Amino acid sequence: MIFAFMKNVYGLIGKKLSHSFSKEYFTKKFQSENFKDCTYELWELDSLDNFKNFFNEKKFVKGFNVTIPYKEEILLYLDELNEDVKMIGACNCVKIVNGEWIGYNTDWWGFLKMIENKLESYHSAAMILGTGGASKAIAYALKQLNIPYIFITRANKLSEKFILYDELEQEHFEQYNIIINTTPVGMYPEVNNLPPIPINFIYEKNFVIDIIYNPEKTLLLQKAEEKGAKILNGLEMLNLQAEKSWEIWQE
């Protein structure tokens, strides 16, 4: 097997990875920086049921990234959580040290660095579309920036910080004028899908961020741009979180 000849194997686990940029990104990085003993693989898993056995067969894995839908479930398999993961409740980066699995979250850092210099003075509060692992990392980043936020959800209003999609009114778009899509709705290949928000309420003082990067401009971003809103996709965040993961693996 190829792993028998590799000293440092890294990778990504998730359910559907055909859209992922990670393998190409890290392969180019290894080539440009002359890391000849490193490789990055994609590991599609239908579940985490036999997760440990799967990795025990791959002797040279030094770390891996985690994507949809396992960022929260992965916590059950980790030996140690860093402080960010404890606060967020989701992990997208695992470092393996002497057989111990240590969980990190680099999503929040990537998002914070992506937006911190792009906010206008009137961008004062945010609505987060979705309640999965990515949404928790985004919320954590917003806390660091002292930006209040609410979650928009299809169900399960766990507190006053949660609003149902069908409860959204114009006033929400004015009060929470940063709109962040953390769901996979609109991601390739389902590019004609939209999160179920009232698009007609978007206006020029909104900053609409979609952490999807494929397609480059989701239907949500297209519609928001037509309304005169500032828009941003998640590619820069992805690059930043990948670099942070590599930094953690090399520490």
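In α8, the buried residues (under 20% relative accessible area, with exposed meaning over 50% and partly exposed in between, for a 1.4 Å probe and protein chains only) are Met237, Leu238, Gln241, Ala242, Ser245, Trp246, Ile248 and Trp249. The model is predicted, so local features need pLDDT of at least 70 and side-chain atom pairs count only at pLDDT 80 or more, while totals for chains, interfaces and linings use all residues. Residues are numbered from 1 along each chain as its sequence is written, and side-chain values use heavy atoms, leaving out hydrogens and water.

Helices (H or I, at least four residues) and strands (E, at least two) are DSSP runs, numbered from the N terminus. With 16 residues, α8 reaches 23 Å from its first C-alpha to its last, close to the 22 Å expected at 1.5 Å a residue; the expected span is 1.5 Å times one less than the number of residues.

Helix α5 (residues 133-144) is largely enclosed by the rest of the structure, because nine of its twelve residues are buried. Among them are Ile138, Tyr140 and Leu142. The buried residues of α5 pack against several elements, including α8 (235-250), α4 (107-115) and β8 (149-153). After α5 comes asparagine 146, with a positive phi near 60°.

Turning to the strands, glutamate 44 belongs to β2 (residues 38-44). Leaving aside residues up to four places away in sequence, glutamate 44 touches Gly14, Lys15, Lys16, Leu17 and Ser18, where contact means heavy atoms within 4.5 Å. The side chain of glutamate 44 reaches the backbone nitrogen of leucine 17 at 2.8 Å.

Methods:
Polar contact = N/O pair within 3.5 Å; in protein donor to acceptor, adjacent residues only side chain to side chain.
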